[in-house]
There are 4 protein chains.
Amino acid sequence: MTPSKSIPDLQSAKDSRQIPIDKVGVKGIRHPVRVLDKSGGEQSTVARFNMYVNLPHHFKGTHMSRFVELIEQHGREISIVSFRDMLPKMTQRLDAESGHIEMVFPYFIEKSAPISGVKSLLDYEVTFIGEHSGKDSTITVKVSIPITSLSPRSKALASYGAYNQRSHVILTVRLRDFIWVEELIELVEQAASSQLYGLLKRQDEKHVTEQAYDNPKSVEDMVRDVAVRLNRNGRIESYIVEAESFESVHNHSVYAQVVKQ
Amino acid sequence: MTPSKSIPDLQSAKDSRQIPIDKVGVKGIRHPVRVLDKSGGEQSTVARFNMYVNLPHHFKGTHMSRFVELIEQHGREISIVSFRDMLPKMTQRLDAESGHIEMVFPYFIEKSAPISGVKSLLDYEVTFIGEHSGKDSTITVKVSIPITSLSPRSKALASYGAYNQRSHVILTVRLRDFIWVEELIELVEQAASSQLYGLLKRQDEKHVTEQAYDNPKSVEDMVRDVAVRLNRNGRIESYIVEAESFESVHNHSVYAQVVKQ
Amino acid sequence: MTPSKSIPDLQSAKDSRQIPIDKVGVKGIRHPVRVLDKSGGEQSTVARFNMYVNLPHHFKGTHMSRFVELIEQHGREISIVSFRDMLPKMTQRLDAESGHIEMVFPYFIEKSAPISGVKSLLDYEVTFIGEHSGKDSTITVKVSIPITSLSPRSKALASYGAYNQRSHVILTVRLRDFIWVEELIELVEQAASSQLYGLLKRQDEKHVTEQAYDNPKSVEDMVRDVAVRLNRNGRIESYIVEAESFESVHNHSVYAQVVKQ
Amino acid sequence: MTPSKSIPDLQSAKDSRQIPIDKVGVKGIRHPVRVLDKSGGEQSTVARFNMYVNLPHHFKGTHMSRFVELIEQHGREISIVSFRDMLPKMTQRLDAESGHIEMVFPYFIEKSAPISGVKSLLDYEVTFIGEHSGKDSTITVKVSIPITSLSPRSKALASYGAYNQRSHVILTVRLRDFIWVEELIELVEQAASSQLYGLLKRQDEKHVTEQAYDNPKSVEDMVRDVAVRLNRNGRIESYIVEAESFESVHNHSVYAQVVKQ
């Protein structure tokens, strides 16, 4: 006569509305995680999870607590490998046919300033999106990379100077083969007017200022230059590349997007 | 010898990267607008606009200022009709084949409290999404509707009381025929445990509390009950219905989604 | 025998905890408002209201619905004058000694581009903060003004170019005498490297680019230059001036603040 | 003839505007940190830092890179002890008289469900605010604690049920003596209608639902009950306690605040 026996199990009851649910689950759970990085170490960070499964039309509800149990079992030691493992495990544990997990977290890379070499961290927002259906899992990686863009139009128009600003390039890729987040970031930073750093000495500030002026890039340029590089990379199956520039002369952004399916 | 003649037109230059751009334009422009409402009046509100067109591979860039000009011409008097007109006009003005406009704004409805009848406004977030390609335009309407949800599971388990909370039902619909935003909102509010009000007198608070207790709804119930109503409505072509419940016993949300294409 | 008579009035019950409450009320109510502008017209916008009163230790609670009633009575036609009137009215209606209202809204100003003269709106975030105690009311006005800042350090270090970015100058002023929001904005924009516009033609882009390069301003410069102008203005009693620059070479901001009490 | 010698040091130049700057520095730097917790372990999390010093009127600018250097030296291993050490170190390193550091981070506590005892993490937002002036440092701790509040008014009015919702109690305390964040959180959670959990089994859901119904708390009740407990605690010097309740029957919050200086 434990409470759990005497209490009705609503989730397993029949439903007569004839409406299958595409996604049902938990959203916005924050949990500490550890992720491997390319330098061979692992870094501790904090992720937000969204976890969903499908629900056939004849079941009344899903078991929300099972999603949280799964995070509790895996969260502290999660890696891209355990993330991949969670997908079929979740789908099976919830008696579902398809499963979907999103995990978004700040990811830190130690960068060396271009001239002085002083080291500092830069933070990027990374999202892993996993989809599982039948026996197949697909992992999509999304990275938001802050960079400097300098307006080619402003440079061409003005007798001196050129307006520039912080921009975000957002890369969403589906992979054929393993690729480090660091490689995606490097690919994008090379297509920017200049990359960002946490810490710059005077000689570094001179360098990045001149480098940006020498490499003017519109949002159109940035998405195209990134697309050209992604097209050459055999490990990338499909992608979306977006650039949003927080214009320094306007109170709005300019934006461009290239999709390759 | 005006400046505009002596200054190079970078946008029209040739591009050799062979990458067509799916969307390019402006993002996050805030502008006052007027929208018609079902009661026969019009309301003044403030919208954020995203406006994009495609760009063939051989053009270097788009003309960003033309998007802003279009808003300046239309913004203060925009309605669902002028919104629809802006789509082909923008696409043509930018020499593009396809165009995309999003416009998101708070929309206010005067509601009467259920017993006392006292009137107050409630705010909803509405998005119009217009897509134009060739000669065809499609308008999608998205409405985020805040409601009360009371947990059926908690009601069944507890000897008294039941936890409840504010939830959002987000309805994204593509229409065959005209429908007022007010009709979509009403359809959703009838599927909730209870609807929200700006102002409630004591007798109203009694009513909504008991009404919610009498109508427990999980996120699964809400998306299904809304889907059943949408399926019966001949003016709705396709839809996505989402429910997110900001659980009062957890620090995360529960979520459900039904898609009909 | 109406419901409102048979229902207990919890708010007026006695409280024995001996803890007076400094502020109690409603937060985050969204409502359409009309505000007068300097050009002689009035503009429709949407505000968020926070409204609080004090509560002596011996009262159990305040009457939350009265705050909303006050907004419903005033909201659509609110001006700086009716805002000022709401303060004592709210304080009295809630049987309180002190009252506090905050009202934040986007405010639009039509600007002419510097060379072409083309007109477009720019949006600013304005907050009115009213405090009432005894018979005295004080109004504080806060304006967030987006501008361009160009780094003097980068200009000095680099052989060509200079990094620049969008920045916010946030001005919080207590007034001795009436002053238009437009005057505060103009005062700040004159202290920036360059001001922002919704719409710029080519000759305008050339102008603002060169103007910013000719007027490098650090966050320290901006808060000082604004402070010097505020000190000279006899209508300003006290102020806080803040500048936050969304650095184009870093993924963080730099910030400065001057307070004059 | 190294670059750093040939490049002008703008920061140390004289300024003639006669305006001392109250705070100048860096804002919004994200960095991984480790913090000690009461259970004897340490947890890895991610913080955002704001770091400011004063600047006397005769100096042109501060050295922004020194703030970032300080974070790079301390960030990965920061604790409340090293946070305290950073204050005088920063102030001295920047040749300033006063310094100010804010550090905000998600903090996780493992909680056991009330009946089943199943364990799960709950996340709280914690801010350390340090101020240094002359030889004195003051540390203020701010914690945002999500809890359930059940409306006493709704319970009294309705024949059955009572509306409830997630609320935040935000505690800002200045300490006479060391106190764990866990102790502050526990003090607040005991004053709520019910506390939150990541994971609840059915018997736990029954318990928290009934517990909340047995302990109705308005925002006024919550700030007072927390204030009574803080007044009894000899280690607390001064405090602000705020409660914001995301009302399940409205689209706005109710709010209360008690300040003890």
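**The interface of chain D and chain C**

Tutor: In this predicted model, about 3900 Å² is buried between chain D and chain C, and carbon and sulfur atoms give 57% of that area. On the side of chain D, the residues that lose the most area to chain C are D:Arg17, D:Arg224 and D:Tyr255, together 19% of what that side buries.

Student: How many residues does each chain bring to the contact?

Tutor: Chain D gives 50 residues and chain C gives 50 residues.

Student: Why is the pair C:Arg17 and D:Asp221 called a salt bridge?

Tutor: The rule asks for a side-chain nitrogen of Lys or Arg within 4 Å of a carboxyl oxygen of Asp or Glu. The N to O distance between C:Arg17 and D:Asp221 is 2.7 Å, so the pair meets the rule.

Student: Which elements of chain D give two or more residues to the side that touches chain C?

Tutor: They are β1 (21-36), β2 (42-55), α2 (64-74), α4 (152-157), α7 (219-232) and β9 (253-260) of chain D. By class, the residues on that side are 27 nonpolar, 11 polar and 12 charged.

Student: What makes β9 of chain C and β1(D) a pair of strands?

Tutor: Pairing needs at least two bridges between the strands. Strand β9 (residues 253-260) of chain C and β1(D) have five bridges, in the antiparallel sense, and therefore count as paired. In one of the bridges, C:Ala256 has D:Val24 of β1(D) as its partner.

Methods: Residues numbered from 1 in each chain as written. Chains lettered and ligands numbered in written order. Predicted model: local features only at pLDDT ≥ 70, side-chain atom pairs only at ≥ 80, totals over all residues. Heavy atoms only, no water. Contact = heavy atoms within 4.5 Å. Buried area = accessible area lost by both parts, 1.4 Å probe. Helix = DSSP H or I, 4+ residues; strand = E, 2+ residues; numbered from the N terminus. Nonpolar A, V, L, I, M, F, W, Y, C, P; charged D, E, K, R; others polar.
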